[in-house]
Amino acid sequence: MLTYPPEVDALQAIRRKLKDPRKNLRNWRKGDPCVSNWTGVICTMPQPDGFLHIQELRMLNLNLTGKLAPKLGQLSNLTVLNFMWNHNITGSIPKEIGNIKSLKFLLLSGNQLTGPLADKLGFLPNFLMFQVDLNQITGSLPKSFVNLISCKHFHMNNNSISGQIPSELSSMPALIHFLLDNNNLMGNLPPEFSQMPKLRILQLDNNNFGGTEIPASYGNMSNLVKLSASFPFSIDYQFIQREKGYKYLFLIDRFM
C-alpha cells in the first residue's frame, strides 16, 4: 500500500519551496511518505482507491524558511495544515489552499507571511479554525469569509490588515473567537455583530477606529465574555447599563 502518487508529487513540490537548516525533513528524500513516516506527514487508513492519502501536515516549530507552495492545494484529503511558529516562512498564503474542501484547521501563526488573504479561502465548508496571527498580512478582510459557516476560531490579530470590517461576517453562525486586535482596521464597528449567536471573545484593540462608537446593540450579546477595544471610542450609556446585567468582562485597554 503506497501514498497516492499526485500527493507524493505535491509533497515534493512543497519541500522544494522550503529550506530546512536543521535537517528536520531529511527523511523526505527517501521512501514513501506514508509508509516511511515522513516527518510531519499523517496519513489516512487505506482508502477504496487502494492508496493512502495525506490527512495532516504538521510542520510546527521546525525552523523552516522559504515559502508555502501552491501545490498544497493538491492535498485534497487534508484536514490539518500546520506551519505554526517557524518564524521565517515568507510570501503569501496560496489561494490554492481554498481547493482543499476537507480542510478543518489552517494554522500559520508566528511566521512572516505577507500579502492579502485570497477570496478563495472563504469557500471551505468544513473549516473550524483560521489562525494566521503574528504575521504581516495586509489588505482587507474578504467578504467571502461569510461562507465559512463552520468556522469557530478566527484569529487574525497582530498583522497589518486594513479597511473596514465587512458587516457580512456577522453571518458566520458558529464563530466563538473573533480576534482582530493589533491591525490597521478603520471605519465603524458593524452593529450586526450583535447577531452572532455563539460569539464569546471579540478583540478589536489597537486598530484605527478613530472616533467610532461601540454599537449599543453589543450590550445584547449575552454569550460574550470578553470585548476588548481601545479609545477613542464613544460608549452609549444604555450599552453600559445592559452590560452590567451580563457575565462578560468589558475591557478598554488603552487610553489615548
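Q: Is Cys-151 buried or exposed?
A: This model is predicted. Cys-151 has a relative accessibility of 0%, and the cut-off for burial is under 20%. Cys-151 therefore counts as buried.

Q: Which cysteines does a disulfide join?
A: A disulfide requires two cysteine sulfur atoms within 2.5 Å. By this rule the count comes to one disulfide. Its S to S distance is 1.9 Å, and the residues joined are Cys-34 and Cys-43.

Q: What is the handedness of the link of Cys-34 and Cys-43?
A: The angle about the S-S bond is -90 degrees. With that value, the link of Cys-34 and Cys-43 is left-handed.

Q: Is Cys-34 buried or exposed?
A: Cys-34 has a relative accessible area of 9%. Burial means a value under 20%, so Cys-34 is buried.

Q: Which phenylalanine does Leu-57 touch, not counting residues up to four places away in sequence?
A: Residues up to four places away in sequence are not counted here. The partners of Leu-57 include Leu-11, Ile-14, Trp-28 and Val-41. Also among them are Leu-72, Leu-75, Leu-78 and, as the phenylalanine, Phe-83.

Q: What separates the C-alpha atoms of Ala-216 and Pro-191?
A: Ala-216 lies in the loop between strand S16 (212-214) and S17. At 22% relative accessibility, Ala-216 counts as partly exposed. Pro-191 is 25 residues apart from Ala-216 along the chain, and their C-alpha atoms are separated by 7.8 Å.

Q: Where is Leu-134?
A: Leu-134 has a relative accessible area of 36% and is partly exposed. Its place is the loop between strand S9 (129-131) and strand S10 (136-137).

Q: What is the area of the nonpolar surface patch made by Leu-60, Trp-85 and Leu-134?
A: Patch residues need over 30% relative accessible area, and Leu-134 has 36%. Together with Leu-60 and Trp-85, Leu-134 makes a nonpolar surface patch of about 240 Å².

Conventions: Residues are numbered from 1 along each chain as its sequence is written. This is a predicted model: local features need pLDDT of at least 70, side-chain atom pairs count only at pLDDT 80 or more; totals for chains, interfaces and linings use all residues. Side-chain values use heavy atoms; hydrogens and water are left out. Patches are made of residues with over 30% relative accessible area and no salt bridge: like charges are joined within 9 Å, nonpolar side chains (Val, Leu, Ile, Met, Phe, Trp, Tyr) within 5 Å. Accessible areas come from the Shrake-Rupley method with a 1.4 Å probe; for residues, only the protein chains shown count as cover. A salt bridge is a side-chain nitrogen of Lys or Arg within 4 Å of a carboxyl oxygen of Asp or Glu. Helices (H or I, at least four residues) and strands (E, at least two) are DSSP runs, numbered from the N terminus. Buried means under 20% relative accessible area, exposed over 50%, partly exposed in between (1.4 Å probe, protein chains only). Contact means heavy atoms within 4.5 Å.
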